[in-house]
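Visitor: I have a structure on my screen and I would like to learn how to read it. Where do we start?

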Amino acid sequence: MEHSWNIFDGCHYLYDSDFDFYANKIIELRQKLNGFAAYQELSVISGLTPEVLENIKKSTIIASPRVISAININTATKADLVKVPYIDYEIAFKIIEYRTLNEKISSIDELLKINTFPTYKFEIIKLYLHIN
């Protein structure tokens, strides 16, 4: 069987079937989220390399970005925090514990100091949080 090639990013070549697979995954995620707010949300799709994500960012636009109402990390309750994608009750508890022990969180990057924080999803999580 002969395959045609698609250049999907500057480093990798994918068969048409791979391209279709990832295109379908992107569409499924878009439907699940009711649209994209930022390109970082694509990073949860397993198999999309940083190079592929960068190429997608360069070659597409998010025409009508979904609006995110970011919450203040220093006043958020556990109930508020668990509404943020990828923050569960355990992580919410640890964020509040960290905030209490340190009096406040001065930078969203401080969340990376919390044991078991899902660092691989940090770029998405920080879209939903702010410091005030």
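Visitor: Which helices each supply at least two residues of the lining of the largest pocket?

Guide: First, some ground rules. This is a predicted model, where local features need pLDDT of at least 70, side-chain atom pairs count only at pLDDT 80 or more, and totals for chains, interfaces and linings use all residues. Residues are numbered from 1 along each chain as its sequence is written, and side-chain values use heavy atoms, with hydrogens and water left out.

Guide: Now the idea. Rolling a probe the size of a water molecule over the atoms shows where empty space is left. On a 1 Å grid over the protein atoms alone, a pocket is an open set of points where a 1.4 Å probe fits, with protein on both sides within 12 Å along at least five of seven lines. Lining residues have an atom within 4 Å of a point. Helices are DSSP runs (H or I, at least four residues), numbered from the N terminus. Here, H1 and H2 each supply at least two lining residues. H1 gives the largest share, six residues.

Visitor: How much space lies in the largest pocket?

Guide: About 320 Å³. That volume is the space filled by probe spheres set on the grid points, which are joined across faces, edges and corners. The pocket is lined by 17 residues, and the closest to its centre are Ile26, Phe36, Leu42, Ile56 and Thr60.

Visitor: Which residues of helix H2 are buried?

Guide: In H2, residues 50-59, the buried ones are Val52, Leu53 and Ile56. Look down the axis of H2: these residues fall within an arc of 100 degrees, so they line one face of the helix. The arc is taken from the directions from the helix axis to the C-beta atoms. The face turned away from the buried side carries the exposed residues Pro50 and Lys58.

Visitor: Where is glutamate 41 found, and is this residue buried or exposed?

Guide: Glutamate 41 sits in the loop between helix H1 (16-33) and H2. Its relative accessibility is 3%, so it counts as buried. Contact means heavy atoms within 4.5 Å. Leaving aside neighbours within four places in sequence, glutamate 41 is in contact with Leu29, Leu33, Phe36, Arg66, Ile124, Leu127 and Tyr128.

Visitor: Which residues touch the most other members of the largest nonpolar core?

Guide: A nonpolar core is a set of buried Ala, Val, Leu, Ile, Met, Phe, Trp, Tyr and Cys residues joined through side-chain atoms within 4.5 Å. The largest core has 19 residues, and those touching the most other members are Ile73, Leu81, Ile87, Ile95, Leu111, Phe117 and Leu129. Helix H4 (89-101) and helix H5 (122-125) each supply at least two residues. H4 gives the most, with four. A second, separate core has ten residues, including Tyr22 and Leu48.

Visitor: How many aromatic pairs are found?

Guide: Rings of Phe, Tyr and Trp (its six-membered ring) pair if their centres lie within 6.5 Å. Planes under 30 degrees apart count as stacked, over 60 as edge-to-face and the rest as tilted. A search of the whole structure finds two pairs. Phenylalanine 21 and tyrosine 22 are edge-to-face, 5.1 Å centre to centre with 80 degrees between the planes. Phenylalanine 117 and phenylalanine 122 are also edge-to-face, at 6.3 Å and 70 degrees.

Conventions:
Buried < 20%, exposed > 50% of the residue type's maximum accessible area, 1.4 Å probe, protein only.
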